[in-house]
Each structure stands twice: as structure tokens, then as C-alpha cells.
Amino acid sequence: MNKFMRIIVFFDLPVKTKSERRTAAKFRKFLIDDGYHMLQYSLYARTCNGNDAVEKHKRRLYASLPDNGSVRMLVITEKQFQSIEILVGKLTACDNTFETEQLTLF
């Protein structure tokens with residue numbers, strides 16, 4: 001049975017020059033195109049179905065890293081993600097936990 005996981009990517013990229021802004025925009029576009037959603041500015045997350053999917057998306061992330069700045073990644077289980085407390089603000093559709101349904105085949 002696969003366990004649903006969340007990859008959370010935190011980043012702080014330089015944006016002083018036009019080239020740096022273009023690089024930062026390209027990185028954010030990669031994250032969105034790869035299925036990540038924005039939790040907060042410079043904080044993106046995606047759901048993965050098991051460790052194999054986590055490894056696949058980690059490889060994609062490593063291949064798309066910018067040359068400068070700070071990028072960090074945290075992998076947590078869906079149960080751990082459910083323990084997030086929103087202190088100010090509201091839940092968004094992307095914050096909903098990923099429910100699994102058991103399927104029986106005969």
C-alpha cells in the first residue's frame with residue numbers, strides 16, 4: 001500500500017536584476033507545471049503517491065534548480081501535513097487533505 005506524501009519546497013531567490021527575476025520566474029513556473037501549488041509566497045507543495053513518486057519529483061526538482069539563492073525541500077507524510085495549524089488566514093482548496101478510498105476488485 002502506497003503512502004501519500006507531500007514535498008514542500010521553500011526558496012529565497014535573488015530578484016534584483018532582470019536576469020535574476022527571469023530565473024526566479026522560470027523556477028516558479030517549473031514548480032507549477034510539475035504539480036506544485038503555492039502555500040505561501042516562496043513556499044510550494046505537491047502531493048505524491050508513495051516514495052517512488054517522491055523520488056521522481058525530487059530528481060525533477062534537482063534538475064531545475066537555479067544557480068543562485070536558497071532552495072530547501074522537506075518531505076512529510078500526509079498525516080504530518082494534516083497537523084499544520086493555520087494561525088492567520090483561511091484554508092484554500094490546495095490545503096485539503098488527500099483522502100484515499102479503498103477499492104475492492106473481484
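**View 1. Arg6, a buried residue of strand β1, and its partner Glu78**. Arg6 has a relative accessibility of 1% in this predicted model, so Arg6 counts as buried, the limit being under 20%. The side chain of Arg6 forms a salt bridge with Glu78, and the closest N and O atoms lie 2.8 Å apart.

**View 2. The salt bridge between Asp33 and Lys29 in helix α1**. The closest N and O atoms of Asp33 and Lys29 are 2.7 Å apart. Both residues lie in helix α1 (residues 18–33). They are 4 residues apart, which means that about one helical turn separates them. Asp33 has a relative accessibility of 55% and so counts as exposed, the limit being over 50%.

**View 3. The salt bridge between Glu55 and Lys58 in helix α2**. The side chains of Glu55 and Lys58 meet with an N to O distance of 3.6 Å. Helix α2 spans residues 51–63 and holds both partners, 3 residues apart, or about one turn of the helix. Glu55 is partly exposed, with a relative accessible area of 37%.

View 4. Side chains of opposite charge can pair when their charged atoms come close.

Definitions and conventions. Residues numbered from 1 in each chain as written. Predicted model: local features only at pLDDT ≥ 70, side-chain atom pairs only at ≥ 80, totals over all residues. Heavy atoms only, no water. Salt bridge = Lys/Arg side-chain N within 4 Å of Asp/Glu carboxyl O. Helix = DSSP H or I, 4+ residues; strand = E, 2+ residues; numbered from the N terminus. Buried < 20%, exposed > 50% of the residue type's maximum accessible area, 1.4 Å probe, protein only.
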